[in-house]
Amino acid sequence: MRTNRPYVQIDPDVLERVRQIDLLSYLREFEPSNLVKVKGASNVYCTAEHDSLKISNGKWYWWSRGFGGYSALDYLIKVKEYDFVEAVEILTGQTMADWKPPPAPKKDEPKVLLLPPKNKDCNRVIQYLFGRGIDYQLIQECIADGTVYESANHHNAVFIGKDESGTPKYAALRSTLGSTFKQDASGSDKRYSFRLLAREPTDTVHLFEAAIDLLSYSTYLKCEGKDYKSESLLSLSGVYQPKKEMKDSKIPIALTTFLSANPQIKTIVLHLDNDNVGRLCTATLKELLQKDYKIVDDPPPVGKDFNDFLLSYLGIARPKPARERSDVR
């Protein structure tokens, strides 16, 4: 569909209007037979041509190809393979002359989590986590309860966070192929980050930056003959970014949600990274929380994070990250 055409200058106002057209509105107007509502999910659609192209929350993602976008313009260029001018002409047709963007979703409107399809097994995820020193039985337990799985298309490790009813609300994707690729699934609700909760209520919660650090600490406790299932462990879904002024910073939403649901908590143990960012985050959280909780600063004794420490503790060499590849997403 791409053609060699002379340069065409498009009015900036027209171009801005075109870029506001979302894919769902376009399909409803121009390709209604190509729009399919995904069964068992609210406000999630795919196309009849490509069932792995999912549409939700004002975005779309083609899981089998590993790319996505926001607008109908992105879709026409990337998926339909029209050139830019052709795509703009389609979207500025007479039918769309009076098109107006749909109202922005309300802030309190629930997000729709788009989980990547599951692989038939979790072999690469098991190999990846075991290679990072994580206890084999712990890996199997997480797979069994649905908090860890392997994505079908790119074999990423998917770490699931669930709400109080056990419904998945958050998913963090991490490459198992040596890449530094990391991404949250579309629609992830950071209030429900990856966690391992104590079998019985406890008055202490342990805080980590990432799921791999949480699992590393659990493995370390097990190696030391301690029962990790007696502890509540919570990750922050990545690096916490405090403000320049500590007093202006907010407590991470994953932690505030957990504390609200667990009023018995009295002690918060911070296991954040040993780098400058981790130390700043620790100082900020201590400042914000020390009036209401006992704060314990317990960073990894060795290395940048708790996985570094675990690998050192077990005598395992840390895997070197490979150059980023487009096929790991």
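**Exercise 1.** In this predicted model, determine which elements the buried residues of α2 pack against.

*Solution.* Begin with the residues concerned: in helix α2, which spans residues 23–30, the buried positions are Leu23, Leu24, Ser25, Tyr26 and Leu27. Next, trace their packing partners. Among the strands, these residues pack against β1 (35–37), β2 (45–47), β3 (53–56) and β4 (59–62). The helices they pack against include α3 (72–78) and α4 (84–91).

**Exercise 2.** Identify the residue that caps the N-terminal end of α2, and state whether Ser25 is buried or exposed.

*Solution.* The capping residue is Asp22, which places a side-chain oxygen 3.2 Å from the backbone nitrogen of Leu24. Then consider Ser25, a residue of helix α2. Its relative accessible area is 19%; since buried means under 20%, Ser25 is buried. Finally, connect the two residues: the side chains of Ser25 and Asp22 form a polar contact at 2.7 Å.

**Exercise 3.** Glu81 and His155 are to be examined for backbone phi and accessibility. Where is each residue found, and what is the phi of each?

*Solution.* Glu81 lies in the loop between α3 and α4, and its phi is near 65°. His155 occupies the loop between β6 (148–150) and β7 (157–162), with a phi near 55°. Both values are positive in residues other than glycine. Most residues other than glycine have a negative phi.

For accessibility, Glu81 counts as partly exposed because its relative accessibility is 45%, a value between the cut-offs of 20% and 50%. His155, at 19% relative accessibility, counts as buried.

Methods
Residues numbered from 1 in each chain as written. Predicted model: local features only at pLDDT ≥ 70, side-chain atom pairs only at ≥ 80, totals over all residues. Heavy atoms only, no water. Buried < 20%, exposed > 50% of the residue type's maximum accessible area, 1.4 Å probe, protein only. Helix = DSSP H or I, 4+ residues; strand = E, 2+ residues; numbered from the N terminus. Contact = heavy atoms within 4.5 Å. Polar contact = N/O pair within 3.5 Å; in protein donor to acceptor, adjacent residues only side chain to side chain.
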